[in-house]
Amino acid sequence: MPRVSVKWLFLFLITSSLSFSAVLSTVTKKAYIVQMDKSEMPESFSNHLEWYSSTIKSVLASQLQEEVNGEDEERIIYSYETAFHGVAALLSEEEAERLEEEHGVVAVFPETVYQLHTTRSPVFLGLEPADSTSVWSEKLSDNDVIVGVLDTGIWPESESFNDTGFTSVPAHWKGACETGRAFTRNHCNKKIVGARVFYRGYESASGKINEKDEYKSPRDQDGHGTHTAATVAGSPVRHANLLGYAAGTARGMAPGARIAAYKVCWVGGCFSSDILSAVDRAVADGVNVLSISLGGGVSSYYRDSLAIATFGAMEMGVFVSCSAGNGGPDPISLTNVSPWITTVGASTMDRDFPAVVNLGTGKSITGVSLYKGRRNLFTKKQYPLVYTGSNSSNPDPNSLCLEGTLDPHTVAGKIVICDRGISPRVQKGQVVKDAGGVGLILTNTAANGEELVADSHLLPAVAVGETTGKLIKRYALTKPNATATLGFLGTRLGIRPSPVVAAFSSRGPNFLSLEILKPDVVAPGVNILAAWSGDMGPSSLPTDHRKVRFNILSGTSMSCPHVSGIAALLKARHPDWSPAAIRSALMTTAYVHDNTRNPLRDASTGQPSTPYDHGAGHINPLKALDPGLIYDIGPQDYFEFLCKQKLTPIQLKVFGKSKRSCRHTLASGGDLNYPAISAVFPDKASVTTLTLHRTVTNVGPPMSKYHVAVSQFKGVAVKVEPAMLNFTSKHQKLSYKITLTTKSRQSSPEFGSLIWKDGVHKVRSPVAITWLPPL
């Protein structure tokens with residue numbers, strides 16, 4: 001046997017060991033967000049990134065190999081330095097655990113995937129007509145408010161982003177127009193002042209983006225980001241419509257505001273390290289408002305990287321609006337519930353797109369549709385009707401019209417009834433079309449109730465509610481020769497009642513902190529017309545080759561930018577207002593009655609909705625301009641709230657990057673100066689009295705006198721002291737306390753309101769009272 005040099009054997013063993021280690025590291029590496037305490041940087045480092053890099057390097061399992069290959073820099077995919085401090089780095093689970101013990105490391109978060117929460121509204125909200133007497137008619141097109149939209153990017157050619165008449169880009173703007181495939185610097189203008197793209201977290205989890213299939217640039221292929229950006233601040237576009245539906249002038253809520261697009265979402269989702277980098281960059285760039293129509297699951301404040309980043313944005317004076325989620329009508333389905341975030345639910349408008357199902361019995365049933373195509377059915381001809389499920393309110397696997405489930409021999413030439421569920425609504429129509437069906441009746445199940453959402457189907461299709469859906473299904477199942485035809489009636493205005501809380505809109509209570517009532521408000525989120533991508537058909541199906549300039553979408557993704565835009569208008573009019581002041585104005589002026597003067601209804605039940613569904617109510621922009629009083633909250637106040645959430649000093653540190661400490665100024669979390677009031681009686685029956693405190697700031701006339709009005713409750717007696725607030729100057733602050741004494745513990749929450757009135761203003765706070773069941 002030939003002799004092997006000890007030296008070569010040693011090198012072989014080292015190389016093999018390192019190679020094996022590197023392979024293991026490659027297999028198990030994923031992105032982690034590492035929060036650092038910037039004040040702990042040792043003097044031996046010249047800058048924070050150098051220190052962060054050294055800290056990451058110190059825990060690498062294959063440190064020597066990485067030094068040889070020069071890969072240590074590649075481990076860090078982002079550095080954060082404004083709203084958040086630290087890095088996103090590729091680490092193994094073992095390396096991440098070791099890193100938590102390193103000097104200066106505050107927390108380590110694993111990568112989280114978020115999903116998008118997927119014309120008429122300015123009029124509906126009272127923002128038009130902009131005549132000479134309108135409070136919005138002043139020249140606001142030269143305002144300096146910039147809204148950062150975190151989404152799928154932007155389609156810059158849309159007329160909604162025309163910058164005609166705009167003055168130069170605001171001086172405080174420090175952002176950039178990043179270039180890439182099909183996106184040049186010329187695509188930014190005085191309206192789109194910035195555009196950036198964030199993909200490193202996505203690529204570290206999903207592999208390199210296929211640039212033939214996706215734009216690795218700020219250009220929006222999906223359409224969602226263009227729609228939300230145009231809803232926030234789109235310039236007026238006359239004769240806007242979708243295939244003839246919803247025709248009129250499309251304009252955003254704040255047409256004079258500027259837009260900065262931050263592309264954080266891709267085909268495979270939106271990754272937390274990318275979102276965090278976008279928030280951090282947007283704040284440094286100089287945005288005034290952040291509009292974020294996406295969400296993930298709910299986790300503790302100190303484990304939620306978006307909550308921590310938006311806390312940092314709030315500290316810098318940035319208003320943050322987020323969608324509540326589309327998990328309704330299930331209770332406790334909210335996302336984005338941090339008190340420094342304005343959480344927005346969805347409601348309907350007074351516009352609809354009616355369509356009819358005319359049965360062979362002569363009965364006519366009303367539904368909705370956005371169908372417009374060459375495949376029209378003859379309204380005077382009856383077509384065979386088929387349903388392959390059972391007549392149940394619950395989905396039947398045979399009736400969901402999933403891909404590959406329809407037999408062409410059964411459905412060819414017929415109108416097919418499909419139940420909602422599992423697959424997208426428009427995809428069911430494609431399945432029917434592929435199987436030879438000539439039309440679709442889409443029926444709601446118990447989960448959707450009577451709420452109707454219109455879609456731009458690829459074949460004649462009508463969506464109907466659960467009750468009428470059961471009737472149609474019963475007819476199809478019991479009559480061998482059942483027939484029907486479909487008709488489309490266009491656009492109808494003046495729908496009553498409206499608004500109605502959308503069934504899909506996520507609901508409270510806010511299980512993370514019952515004493516913070518969420519959502520904050522509802523805003524239009526059903527059948528919203530706004531600008532669209534030139535690359536995607538209106539149904540978003542790959543088989544849809546229609547090209548449209550505008551599209552109609554539904555979701556809390558659509559309601560969130562309504563609030564972001566109104567916040568931009570308020571910021572333009574009141575530059576000195578804090579994010580909390582803007583939210584307070586939106587909440588305390590919101591209304592809770594529809595256009596029939598009845599309480600707002602819940603689309604899923606048809607019954608009156610509660611603050612768990614609609615928060616403080618439906619936004620009322622004109623009233624929000626002059627709210628009279630505001631409930632202001634500063635960064636330290638939010639930190640004091642966190643101090644009451646049973647967080648350890650280490651957990652609190654993720655919010656205390658500026659060396660905040662608990663001053664114990666709040667008796668309880670319910671004492672946070674929130675515009676909504678939520679009293680939570682503990683599970684001890686011996687506790688019969690609760691006292692909550694609030695402070696209001698006068699932003700109305702200097703000499704103002706307000707008196708209080710409080711709802712009557714079955715379970716408690718409510719006393720407000722003082723019952724009168726006498727203001728003698730503008731910006732004066734006065735405090736009051738609310739004492740609630742139990743008369744009889746209730747098994748379910750009670751709701752009401754507390755209103756301060758001065759004869760002109762009504763400053764309304766929703767009130768929720770909850771008794772936790774005894775242990």
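Modeller: Happy to! T342 is buried, since its relative accessible area is 2%; here buried means under 20%, exposed means over 50%, and partly exposed is anything in between. Those areas come from the Shrake-Rupley method with a 1.4 Å probe, and for residues only the protein chains shown count as cover. Please keep in mind that this is a predicted model, in which local features need pLDDT of at least 70 and side-chain atom pairs count only at pLDDT 80 or more, while totals for chains, interfaces and linings use all residues. Residues are numbered from 1 along each chain as its sequence is written, and side-chain values use heavy atoms, with hydrogens and water left out.

T342 sits in strand β16 (residues 342-347). Strands are DSSP runs of E with at least two residues, helices are runs of H or I with at least four, and both are numbered from the N terminus. Leaving aside residues up to four places away in sequence, T342 touches F319, V320, S321, C322, D520, V563 and R583, where contact means heavy atoms within 4.5 Å.

Helix α15 spans residues 579-588, and ten of its ten residues are buried, so the rest of the structure largely encloses it.

Another strand residue to look at is V356, in β18 (residues 354-359). V356 is buried too, at 13% relative accessibility. Its contacts, again not counting residues up to four places away, are S364, I365, T366, V462, T485, L486, G487 and L489.

Now to the charges. The model has 19 salt bridges, each being a side-chain nitrogen of Lys or Arg within 4 Å of a carboxyl oxygen of Asp or Glu. One of them joins K473 and D419, whose closest N and O atoms are 2.9 Å apart. This pair links distant parts of the chain, 54 residues apart: K473 is in helix α13 (residues 466-478) and D419 in strand β21 (residues 415-419). Both ends are buried, K473 at 1% and D419 at 0%.

The bridge between E157 and R219 has an N to O distance of 2.7 Å. It also spans distant parts, 62 residues apart, with E157 in the loop between β6 (146-151) and β7 (192-197), and R219 in the loop between α7 (200-206) and α8 (224-233). Here R219 is buried at 4%, whereas E157 is partly exposed at 45%.

K737 and E721 meet at 3.9 Å, N to O. K737 lies in strand β37 (residues 733-742) and E721 in strand β35 (residues 716-721), so this bridge ties together parts 16 residues apart in sequence. K737 is partly exposed at 33%, and so is E721 at 31%. Elsewhere, E178, R196, R281 and D285 are joined in a network of salt bridges.

Finally, the surface. E101 lies in the loop between α5 (93-99) and β4 (105-110) and is exposed at 66%. Together with E93, E97 and E100, E101 forms a negative surface patch. A charged patch joins like charges within 9 Å, using residues with over 30% relative accessible area and no salt bridge.

Note on methods: Patches are made of residues with over 30% relative accessible area and no salt bridge: like charges are joined within 9 Å, nonpolar side chains (Val, Leu, Ile, Met, Phe, Trp, Tyr) within 5 Å. Lys and Arg count as positive and Asp and Glu as negative; His and the chain ends are not counted. The place of a charge is taken as NZ of Lys, CZ of Arg, CG of Asp or CD of Glu. Buried means under 20% relative accessible area, exposed over 50%, partly exposed in between (1.4 Å probe, protein chains only).
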